[in-house]
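Let's take a walk through this fold, one piece at a time. Have the viewer open and follow along.

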Amino acid sequence: MPMKVDPCSQPSLMHPDDAIVKLLDQVCQLDESEMVQLPHALGRVLVEDLASSIDLPPFNNSAMDGYAFRYEDLAGNEPLTLIGESFAGHPFGGEAKAKTCVRIMTGAAVPPGYDTVQMQEKVTTKEDQITIEAPKTIGANIRYRGEEVKTGGKVLQSGTQIGAAEMGVLATIGVSQVRVSRRVKVAFFSTGDELRPVGSELAPGQIYDSNRYSILGLLGRANVEWIDLGVIQDDPEAIRAAFRSAAAQADMVLTSGGVSVGDADYTKQILGEEGEITFWKLAIKPGKPFAFGRLGKAVFCGLPGNPVSSMVTFYKLVWPLINKMQGLPQAKPLLIQAKLTSDLRKFPGRVEYQRGILSHDAEGQAEVTITGGQGSGMLTSMSLANCFVILAQEQGDTAAGSLVTVEPFNSVLC
Ligand code: AMP
Ligand code: MG
């Protein structure tokens, strides 16, 4: 019996991996940058390397609450005389003297001349006489000046996206503002006569415009400047006007819906009249109809209207473009082999991004469970999931227990 094939598959469909390469070829990094104050730098992309103007740590300091002393003074097993204290922010004013020690707290400066710290749990005290159990080595429990970074050493590279750790690194070296790439401006509109805004009543045949919010969520995570152009009716002139307005304000025009071949799918037609279309049909499920082109200086991406399709195509195709435009290097997705917990249905013909829940079995081996119905309109399949199960173009039904390739959702999708 001949193998069943995906009814939506055609030989002319473009593999999504080829599509990504072609798409990336069409966009450039924005050449504008701006200075932002550190509290506003989260998520932004550095456009210059950053070197430290100070040593890290800036001075020898204690890694423990305890006592600082000269290692050689422990040789005679005699107690040492306490001569002072060094607290974080309040260094000991004096210097080391033979057979003495100083009470020291974590992060406090080690007074000059002392070479070792012992934690207070390994010390016995009798008034000012301190008996210290010798640590294994001289220099124990001291964090040395410049041991992490020396003055002039590079701490962050151009093209780094500033996350929580980078915010902290910048503050550690005393940087209060950084030069980052300008945010990519993305104008978005949904198309469809059936769409109603949330908060209104639905008449027969209408649905809520959910893509506006899932795409808003994705764009928010991608750190762009969002220009909301609302819902545009399936009317060629309204779509034309929206295209013109969007292209005048944005680096990228993003739409949802109207890119399949239905009677009311005008996006493709108007884009052809107002700009250029690069390609149309991808061997990807969900998400086959995806439009790409140019509108004046702006890049155009037309996402399919089906809610899961629009999220998947955004994630796989639009997000890498935004990253390139804002100066981020292309990251290879982390792929994991996981055991399927139940049989999976698939026609050969398209690469599928089924939605799954990645966890591990009792032995700690990765396993993945498909999140129920996989219809391209079933958005709960995305919200339940924490990963895509990526099934190759020619793959068919797959039995429980087989290993499949899984791509955990990253911060854009979660
Ligand atoms: P289209 O791509 O315009 O042919 O739409 C495909 C399917 O997605 C149809 O069932 C639409 O009703 C649905 N759809 C289109 N746009 C949206 C939207 N913004 N929010 C929710 N569903 C949508
Ligand atoms: Mg439509």
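## Before we start

Two strands count as paired if DSSP finds at least two bridges between them. Keep that idea handy for the sheet below. Also bear in mind that this is a predicted model.

Let's begin with strand β6, which covers residues 100-104. Is it buried or exposed? Buried: five of its five residues are, so the rest of the structure largely encloses this strand. To be called buried, a residue must have under 20% relative accessible area. You can check both faces of β6 for yourself: Thr100, Val102 and Ile104 are buried on one side, and Cys101 and Arg103 are buried on the other.

Which strands pair with β6? One is β4 (residues 66-69), which runs antiparallel to β6 and is joined to it by four bridges. Look for Phe69, whose bridge partner in β6 is Cys101. Another is β5 (residues 80-86), which pairs with β6 in the parallel sense over five bridges. Here, Gly84 stands opposite Val102 of β6.

## The whole sheet

Six strands make up an open sheet with mixed pairing, and their order is β7-β4-β6-β5-β9-β8. At the edges stand β7 (116-119) and β8 (123-126); each has a single partner strand, so one side of each has no neighbour in the sheet. From one strand to the next, the twist averages 40 degrees.

Next up is helix α6, residues 307-325. How far apart should its ends be? At 1.5 Å a residue, its 19 residues should span 27 Å, and the end C-alpha atoms are 25 Å apart, which agrees. The helix does have a kink of about 45 degrees, centred on Phe314.

Just past α6 you'll come to Gly327, which takes a positive phi of about 90 degrees.

## How the helices pack

α6 has a packing partner in helix α1 (residues 16-25): their axes are 10 Å apart and meet at an angle of about 25 degrees. Angles under 35 degrees count as roughly parallel, so that is how α1 lies relative to α6. The crossing of α1 past α6 is right-handed.

Compare that with helix α4 (residues 236-249) and helix α5 (residues 267-274), which pack at about 50 degrees with their axes 10 Å apart. That angle makes α4 oblique to α5. Here, too, α4 passes α5 in a right-handed crossing.

## A stop in a loop

Finally, find Phe59 in the loop between β2 (50-51) and β3 (61-62). Then look for Ala41: it sits 18 residues from Phe59 in sequence, and the two are 28 Å apart in space, C-alpha to C-alpha.

Key:
Residues are numbered from 1 along each chain as its sequence is written. Chains are lettered from A and ligands numbered from 1 in the order in which they are written. This is a predicted model: local features need pLDDT of at least 70, side-chain atom pairs count only at pLDDT 80 or more; totals for chains, interfaces and linings use all residues. Side-chain values use heavy atoms; hydrogens and water are left out. Helices (H or I, at least four residues) and strands (E, at least two) are DSSP runs, numbered from the N terminus. The expected span of a helix is 1.5 Å times one less than its number of residues. The bend at a residue is the angle between axes fitted to the seven residues ending there and the seven starting there. Buried means under 20% relative accessible area, exposed over 50%, partly exposed in between (1.4 Å probe, protein chains only). Axes are lines fitted to C-alpha atoms, for helices over the stretch in contact, and angles run from 0 to 180 degrees between N-to-C directions. Angles under 35 degrees count as roughly parallel, over 145 as roughly antiparallel, 65 to 115 as roughly perpendicular and the rest as oblique. A crossing is left-handed if the near helix is turned anticlockwise from the far one by less than a right angle, and right-handed if clockwise.
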